[in-house]
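Here is my note for your first look at this model. Keep the structure open and follow the points in order.

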Amino acid sequence: MTSLEAYLNQANTAYLDDCTRCGKCVEVCPVTPVAGIDANRSSEIVDEIVGLFDGGPPLGGDSKIWAHQCNGCGVCIPACPEDINPRRMLMLANTSESQVVSETPQLFRKMARAIRIMAAMQLAPPEFQKLTRNPRARDVPVVFYLGCNPIRTPHLLLNAMTILDALEIDYETVGGPGACCGIIHSKWEGEIDKADRVSDGTLTRFEDFTPEHVLSWCPSCVLHLGETIDGYRDTSFNFDHITQFMADRVLQLRDRFVRPVDLRVLLHIHDGMPEIGQNVVQLLADIPGLTIVEALSEPGYTCGGSGADRSPELKKIKRDETIARAEADDVDALVTLFHGCHGQLAKEEGRGKFEVLNWTDLVVEALGETPHADMNKRYRLQQDWDMVLDEGEIYLKSNGVNMDREWLKGLLPDIFAQSEFKGGLESFGTSN
Ligand code: SF4
Ligand code: SF4
Ligand code: SF4
């Protein structure tokens with residue numbers, strides 16, 4: 001038995017013992033009323049979920065809808081009278097279920113291909129290398145964990161590196177599909193042996209650098225490694241989101257802000273990781289000239305197939321509110337949080353009412369540097385795949401990605417549709 005399997009067995013048994021099936025988590029869940037789940041059946045629904053941990057049948061009806069539409073918002077966590085984390089319980093239930101009914105065969109392979117193509121068509125070779133290389137291990141205080149899907153929106157990561165440079169941090173990067181956190185293999189593909197090898201390999205890779213801090217960009221990595229399988233392996237570093245590390249050094253950054261950013265912005269944040277939204281508010285608060293008109297939260301812990309897109313009806317309601325607020329006359333720019341959010345919201349700039357920027361663009365600008373080019377947004381706004389390929393082909397070729405143009409053209413809509421959840425993650429462009 002692998003360590004991950006042993007860990008999951010222990011975690012699942014604890015839920016079988018500790019959960020009283022009181023149903024409070026179903027009742028408070030914002031997805032319940034919108035998805036048409038019968039809250040009067042809350043105890044039975046949880047009983048079916050927990051039954052998965054005891055070899056019960058695959059989910060059906062309301063329990064399936066509830067588990068599959070969990071967007072990770074975390075509203076249920078304080079509601080549990082037994083101090084159980086129902087969000088984690090559902091993540092583990094989805095993992096258990098995917099071992100029996102995997103709806104996403106080959107997801108990882110397809111995802112890795114999509115990531116490589118997207119990054120290669122946006123970056124000149126030195127930057128492509130910077131994000132995809134495998135640096136030689138050396139002792140550093142900080143490892144910046146790029147994850148894999150964030151590399152689809154590479155300018156955000158490069159901006160974050162500019163900020164770390166401004167803080168004079170000695171760091172190395174670890175990332176790309178070869179350093180996945182393992183969530184795809186466990187939660188989506190149900191391959192626990194493989195997930196164990198992947199998670200273990202990535203944690204070992206971090207250890208190779210003997211860092212004090214491993215900083216993740218990807219909120220899904222934070223949730224997976226920091227909550228769902230937290231403690232599965234002993235580690236000697238602090239694992240946190242990069243915004244926390246930066247917010248802890250906000251005074252140093254503030255001293256380096258030399259350029260005003262004269263914008264009134266609407267900040268897009270998420271319910272499931274409110275602390276990350278607060279970190280970004282703190283980082284932006286002292287940028288000269290900048291006004292945060294409002295920080296507007298959307299459901300889930302991120303946009304994308306592991307977050308808000310899992311509960312599409314609820315997401316639509318809140319997304320319409322975000323866009324309406326961003327279109328008001330007092331907003332110049334909609335500011336995104338994570339890579340999944342940026343990938344989705346970038347195209348909204350095409351409405352002609354507001355710019356779409358990421359928080360890193362604003363911090364880099366305030367530091368007197370030039371934010372990295374947002375080619376992802378540029379391509380999304382073109383909405384013509386021939387034009388996109390006319391521009392992207394030279395980058396692809398110079399990064400060693402040689403593919404038949406017509407074949408690639410057929411692939412691009414799916415690859416770029418990372419944001420649009422299609423009800424079963426069948427789109428290999430799906431991000432998490
Ligand atoms: S995390 Fe949010 S969506 Fe998931 S069960 Fe809890 S309240 Fe519902
Ligand atoms: S609220 Fe807690 S104890 Fe009650 S059903 Fe949900 S997880 Fe179990
Ligand atoms: S959570 Fe997603 S982006 Fe982050 S490492 Fe895992 S698979 Fe990659």
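**Notes on the predicted model**

1. Start with ligand 2. Its shell holds 13 residues, and the closest are Cys-19, Cys-22, Lys-24, Cys-25 and Cys-80. A residue counts as near a molecule or strand if its C-beta atom, placed from the backbone, lies within 6 Å of it. Helix H2 (24–28) and H6 each give at least two residues to this shell. Helices (H or I, at least four residues) and strands (E, at least two) are DSSP runs, numbered from the N terminus. By class, the shell around ligand 2 has eight nonpolar, two polar and three charged residues. Here Ala, Val, Leu, Ile, Met, Phe, Trp, Tyr, Cys and Pro count as nonpolar, Asp, Glu, Lys and Arg as charged, and the others, Gly among them, as polar.

2. A word on the source. This is a predicted model: local features need pLDDT of at least 70, side-chain atom pairs count only at pLDDT 80 or more, and totals for chains, interfaces and linings use all residues. Residues are numbered from 1 along each chain as its sequence is written, while chains are lettered from A and ligands numbered from 1 in the order in which they are written.

3. Move to ligand 1. It is surrounded by 13 residues, with Cys-29, Cys-70, Cys-73, Val-75 and Cys-76 closest. Helix H6 (residues 86–100) supplies the largest share of this shell, three residues. The shell around ligand 1 splits into nine nonpolar, three polar and one charged.

4. Look at the loops. Arg-21 sits between helix H1 (3–18) and H2. Its phi is positive, about 60 degrees, although Arg-21 is not a glycine. Arg-21 counts as partly exposed because it has 17 C-beta neighbours inside 10 Å. The scale is this: buried means 20 or more other C-beta atoms within 10 Å of the residue's own, exposed means 12 or fewer, and partly exposed lies in between, with C-beta atoms placed from the backbone. Thr-210 lies in the loop between helix H11 (192–208) and strand E3 (213–216). Thr-210 also has a positive phi, near 40 degrees. With 14 C-beta neighbours inside 10 Å, Thr-210 is partly exposed.

5. Is His-155 buried or exposed? His-155 is buried, because 23 other C-beta atoms lie within 10 Å. It belongs to helix H9 (residues 154–166). His-155 touches His-372, Ala-373, Asp-374 and Asn-376, leaving out residues up to four places away in sequence. Contact means that the C-beta atoms, placed from the backbone, lie within 7 Å. His-155 and Ala-373 are 218 residues apart along the chain, yet their C-alpha atoms are separated by 6.2 Å.

6. Finish with the sheet. Four strands form an open sheet in the order E6-E5-E7-E8, with parallel pairing. Two strands pair if DSSP finds at least two bridges between them. Strand E6 (291–298) and strand E8 (355–358) are the edges, each pairing on one side only. Strand E7 (residues 333–336) is joined to E8 by four bridges. Thr-336 has Asn-358 in E8 as its bridge partner.

Notes. Two residues are in contact if their C-beta atoms, placed from the backbone, lie within 7 Å.
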